[in-house]
2 protein chains.
Amino acid sequence: MESSSAPNPQSPTTTNMSLFDKHQPQLQRAIKAIQERQFYAAYPEHPKAYGEEAPKQGEDRFKNLLNQNVQNNFQGEADSHEGEEVSPYTQQPLGIKYPVYKTSHLITKSEAAFKTWRKTSAEDRAGVLIESLEKIKDHFFDIAYATMHTTGQSFMMSFQASGPHSNDRALEPIALAYQELKRFPSKVLWEKPMGKISVKLEKSYTAVPRGIGLTIGCATFPIWNTVPGIFANLMAGNTVIIKPSSKSILPLAILVSCMQNTLHENGFDPCTIQLAIVSNHLAVKQLMEDDRIKLIDYTGSSSFGDYIESLPNKITFTEKAGLNSVILDSVDDLDAVIGNLAFSVSLYSGQMCTAPQNFFIPATGVKSKDKTFTYEEVVEKLKEHLTAIATNPKTGTNVLGGLLEGTVKRIFEVMKSGKVILQPADVKSEEFANIRSSSPLLLEVSQNDHAIFEQEMFGPIAVVIKTNDTKESVRLAKEMAGKHGAITCAAYTTDQDTRNLIAEEMQEVFTPVTFNLTGPIWVNQHAAFSDFHVTGGNKAGNASFTNPEFVIKRFVWVGNRSMV
Amino acid sequence: MESSSAPNPQSPTTTNMSLFDKHQPQLQRAIKAIQERQFYAAYPEHPKAYGEEAPKQGEDRFKNLLNQNVQNNFQGEADSHEGEEVSPYTQQPLGIKYPVYKTSHLITKSEAAFKTWRKTSAEDRAGVLIESLEKIKDHFFDIAYATMHTTGQSFMMSFQASGPHSNDRALEPIALAYQELKRFPSKVLWEKPMGKISVKLEKSYTAVPRGIGLTIGCATFPIWNTVPGIFANLMAGNTVIIKPSSKSILPLAILVSCMQNTLHENGFDPCTIQLAIVSNHLAVKQLMEDDRIKLIDYTGSSSFGDYIESLPNKITFTEKAGLNSVILDSVDDLDAVIGNLAFSVSLYSGQMCTAPQNFFIPATGVKSKDKTFTYEEVVEKLKEHLTAIATNPKTGTNVLGGLLEGTVKRIFEVMKSGKVILQPADVKSEEFANIRSSSPLLLEVSQNDHAIFEQEMFGPIAVVIKTNDTKESVRLAKEMAGKHGAITCAAYTTDQDTRNLIAEEMQEVFTPVTFNLTGPIWVNQHAAFSDFHVTGGNKAGNASFTNPEFVIKRFVWVGNRSMV
């Protein structure tokens with residue numbers, strides 16, 4: 001009978017321990033951070049940490065990419081080249097055309113890569129994936145400019161969100177998946193005593209990857225929202241095809257290029273990850289419904305997300321829309337509070353899934369340390385703070401950034417549906433005369449105008465709703481999150497019972513609450529290694545960055561047994 | 001602002017540490033066993049371990065339950081009483097009528113129980129749930145008789161599968177869920193350095209249960225197949241409603257009674273778990289589709305399982321049908337091999353989701369140490385061993401057990417579809433003159449008769465398929481598992497390359513392979529704490545007893561933040 005000392009044939013093998021050894025300290029720090037959920041930044045968020053030369057180098061690289069046909073030798077010869085990106089800062093096309101392939105071509109390449117990638121050990125995968133993060137780090141600034149001129153994010157946000165924060169959010173699933181892949185022994189001798197005799201079985205346990213994963217990117221956060229799923233899939237042994245938003249391809253094209261080169265340089269098939277520029281909607285649907293696509297990671301609208309979740313025989317990870325509420329009850333310092341919230345609304349013009357939208361303010365006003373502010377005073381203060389951010393040249397478009405085309409339309413559609421407290425206006429930029437931008441629209445609607453505040457109004461739009469009291473605010477915030485999902489909730493109260501009530505009620509609809517935030521930190525921000533981004537429990541999405549479910553659904557434990 | 005030393009209001013609280021302390025050693029042993037995947041039996045499988053009095057006491061209790069209307073004071077007054085169970089051993093009705101409730105009544109009770117159960121700490125939940133396993137242990141023998149006279153299992157299987165093996169399989173998700181619930185700290189102080197200042201947030205992490213879980217039991221293994229989901233749900237903080245198969249209610253009625261009493265005695269709402277006798281199919285569908293049912297655990301047919309998996313906004317755990325293959329390539333001792341396989345087919349008349357069905361045997365025969373057996377000789381040997389088990393009074397119905405009514409029909413339907421190698425015949429029992437039983441049907445079909453061997457033929461039915469060679473056997477076994485799912489695969493080969501091929505090919509369709517099993521252990525058996533039952537990766541089901549996914553999908557991590 002077979003020798004029991006033979007290697008477990010169905011277990012992946014390791015070929016390059018040196019890459020793993022090089023990055024193991026980083027991996028272990030990440031595992032520790034995830035476990036402890038303390039502050040950790042594997043990649044510093046300040047641009048200065050990357051050297052004096054880096055920003056200029058990145059800008060040059062970005063400029064060299066403009067008005068070109070991109071080639072991708074790894075993915076083969078393209079059928080055609082397409083591209084329609086427009087900079088919200090200049091309103092001019094970037095002029096970049098990307099190679100277009102048939103979906104069958106991409107899937108065939110991915111299947112071929114899967115044959116070897118699935119047998120690559122967790123150590124090898126972790127090694128080369130963290131190595132690819134190092135390569136991406138060298139391109140943080142070109143990715144930043146690419147992000148800025150596709151999404152409209154400010155330069156600083158483009159840098160941080162697509163650079164260090166994304167690398168952190170990519171390292172997180174690498175570390176968590178590594179831990180899970182190593183959770184059970186690969187081989188054990190199992191011995192069952194049966195009276196005078198005993199039965200011995202040799203058992204092996206293998207984490208078997210599911211197959212090809214499709215990642216569908218969004219226009220606003222092409223990198224930040226896609227890397228968790230990409231790296232979770234790759235770490236689990238799945239191959240990846242990325243379908244970016246046609247509005248924001250370039251950041252992902254740079255990222256994929258970094259990763260393909262890193263794979264190639266280290267002896268792996270570069271088509272383990274591929275970029276799919278798909279020429280029409282039918283082809284996207286075809287790609288998603290293809291039997292060989294086993295997993296889909298998606299960020300985007302709820303209607304399309306619901307369709308993806310309904311696809312049979314797919315493992316899906318979605319981040320859709322939600323209705324984020326602000327509950328104002330009582331505060332220490334109202335200016336500090338409203339200043340913080342106005343910034344949250346203004347940051348990237350509210351084009352964030354975490355931005356607050358519905359402000360529930362009691363008719364009885366908001367108590368502060370010194371006085372009770374009337375409802376009208378609170379609304380007035382919000383208006384003032386929003387105006388101050390938009391009109392101060394130091395903040396202005398540096399905070400608001402530029403708008404995607406669809407966002408502009410939405411502002412004007414929404415304006416008709418309530419009482420306009422603050423009229424949106426163009427915001428000028430000294431550097432970009434043609435920037436597509438707008439100061440926020442502040443709308444007031446009645447607590448009975450459900451049809452209005454029950455919609456997600458993605459963009460620089462905040463809605464004030466006068467409620468009878470905080471209990472009603474909580475009831476409405478909970479109702480919205482329960483019916484439509486929510487990713488954040490910002491609550492302000494100095495009363496412990498009210499705080500408990502808010503926490504408990506929002507927890508029933510799986511919505512995280514951030515209490516009493518002031519100063520230079522905002523409800524919009526979810527920190528890698530510490531905050532779960534989207535809980536996965538309500539209609540805002542079924543996935544969470546990065547809880548254990550996000551990684552373990554990507555592979556299957558298969559145990560074999562053998563008589564000894 | 002709020003005091004940071006106040007208890008985390010949304011975290012569950014512990015009320016009874018003594019129950020946890022009592023059972024913590026057991027919990028820790030289970031956690032260790034799961035981690036190491038070594039042999040472990042928390043509840044010994046031999047009846048003698050439970051004392052001399054226990055069997056008789058259990059039998060008396062069982063007899064006292066017959067021909068009665070069952071009352072359930074905890075669940076309230078019933079609308080009516082129904083029951084239609086028939087013993088396969090006597091073919092007589094048990095005469096037990098169970099209380100029937102409207103689904104809305106059960107859901108309302110479950111919602112009320114959820115309000116407190118969700119806030120019960122992991123320690124309290126583990127304590128009372130393991131305590132309930134102790135109570136169940138005291139009823140192993142009445143549960144065994146109830147299982148025997150509903151499912152038709154032999155007494156020994158009824159005892160082991162519904163008793164100690166089930167308690168082990170229940171303890172497993174308790175332990176794994178406990179570990180996962182404790183995975184992250186409930187509270188941390190997070191401090192982000194920002195140059196000269198730092199931002200401090202107090203963060204809390206709560207594992208929030210999803211709501212009411214519905215468990216749908218099957219006729220053949222009412223306890224073994226339901227307890228993993230029941231205990232996983234309860235441990236995660238969800239409440240449970242169990243809808244048993246109308247053919248096998250009594251074992252679950254006893255189990256639920258034990259659990260309700262344990263909950264009640266320890267100050268918990270007994271309706272945290274409830275038994276739902278539902279009067280018609282429409283009511284079952286209504287129950288499953290109710291918005292307030294958040295999770296469904298299901299064992300049964302593939303068609304109904306596919307429907308359950310397609311229900312929107314539900315977390316589902318299914319075990320459906322599969323096509324289990326035997327691949328015969330080469331052996332040491334053919335008699336030992338065929339003896340083992342014939343027992344696997346005969347055990348409980350193949351009414352097990354793990355029983356082998358399709359025997360792929362090469363036309364070139366099967367090599368053994370001494371000689372090569374022709375295809376015909378191998379088939380003949382299988383026929384002989386099956387006949388020997390059925391006709392020997394020491395084995396006979398003690399191995400085959402009794403048949404469910406549907407199984408008898410199936411044997412006669414299937415007989416028409418191939419060449420009958422072994423004709424099924426009545427098997428006599430000295431103890432039960434009226435037993436509904438049959439010796440196995442052995443059928444031979446061509447490798448081209450896909451339409452026949454692509455069906456799951458649940459029951460004492462084995463199909464022999466002559467293949468060109470082992471490669472073709474592997475190809476067919478893989479194809480069947482890929483298209484229809486598989487829960488087990490028994491393979492026999494003394495050649496390492498062939499072994500590697502089988503392992504790799506079957507792994508691609510997420511099917512565990514058991515190699516070269518002989519002696520007193522069978523492919524049908526999956527051991528708690530060590531074997532994953534169903535991988536969750538193919539169409540045989542989306543859930544696995546008990547991998548981490550089986551527990552973590554039942555709750556949601558919600559993190560709150562608060563300014564310090």
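How many residues of strand β9 (residues 315-319) of chain B are buried? I looked, and 5 of its 5 residues are buried, so the strand is mostly covered, where buried means under 20% relative accessible area, exposed over 50% and partly exposed in between (1.4 Å probe, protein chains only).

**Ground rules.** I am working on a predicted model, in which local features need pLDDT of at least 70, side-chain atom pairs count only at pLDDT 80 or more, and totals for chains, interfaces and linings use all residues. Residues are numbered from 1 along each chain as its sequence is written, chains are lettered from A and ligands numbered from 1 in the order in which they are written, and side-chain values use heavy atoms, with hydrogens and water left out. Helices (H or I, at least four residues) and strands (E, at least two) are DSSP runs, numbered from the N terminus.

**Entry 1: β9 of chain B.** I checked which way the side chains point. B:I315, B:F317 and B:E319 go one way from β9(B), and B:T316 and B:T318 go the other way. In a regular strand the side chains alternate between the two faces of the sheet. Next I looked for a partner. Strand β8 (residues 293-299) of chain B pairs with β9(B) in the parallel sense over 5 bridges; pairing requires at least two DSSP bridges between the strands. B:T299 stands opposite B:E319. From β8(B) the chain crosses through helix α11 (residues 302-310) of chain B to β9(B), and this β-α-β crossover is right-handed. That term applies if, with the strands pointing away from the viewer, the path from the first strand over the helix to the second runs clockwise.

**Entry 2: β10 of chain B.** I repeated the check on strand β10 (residues 325-328) of chain B. B:S325 and B:I327 point one way, B:V326 and B:L328 the other, and all are buried. β10(B) pairs in the parallel sense with strand β11 (residues 358-362) of chain B over 3 bridges. There, B:V326 has B:F359 as its bridge partner. The β-α-β crossover from β10(B) to β11(B) runs through helix α12 (residues 334-346) of chain B and is right-handed. β10(B) also pairs in the parallel sense with strand β17 (residues 489-492) of chain B, over 4 bridges. In β17(B), B:C489 is the bridge partner of B:S325.

Entry 3: I traced an open sheet of 10 strands with mixed pairing, in the order β14(A)-β15(A)-β16(A)-β11(A)-β10(A)-β17(A)-β18(A)-β19(B)-β4(B)-β3(B). Strands β15 (residues 441-446) and β16 (residues 461-467) of chain A pair in the parallel sense over 6 bridges. A:L441 has A:I461 as its bridge partner in β16(A).

**Entry 4: α5 and α6 of chain B.** I then turned to helix α5 (residues 140-151) and helix α6 (residues 155-162) of chain B, whose axes come within 8 Å and cross at roughly 125°. Axes are lines fitted to C-alpha atoms, for helices over the stretch in contact, and angles run from 0 to 180 degrees between N-to-C directions. Contact means heavy atoms within 4.5 Å. The angle makes α5(B) oblique to α6(B), given that under 35 degrees counts as roughly parallel, over 145 as roughly antiparallel, 65 to 115 as roughly perpendicular and the rest as oblique. Among the residues that meet are B:F140 and B:F141 in α5(B) and B:F155 and B:F159 in α6(B).

**Entry 5: A:Q35.** I found A:Q35 in helix α1 (residues 17-36) of chain A. Why is A:Q35 counted as partly exposed? Because its relative accessibility is 31%. A:Q35 touches B:R183, B:F184 and B:P185, not counting residues up to four places away in sequence. The C-alpha atoms of A:Q35 and A:S530 are separated by 8.7 Å, with the two residues 495 apart along the chain.
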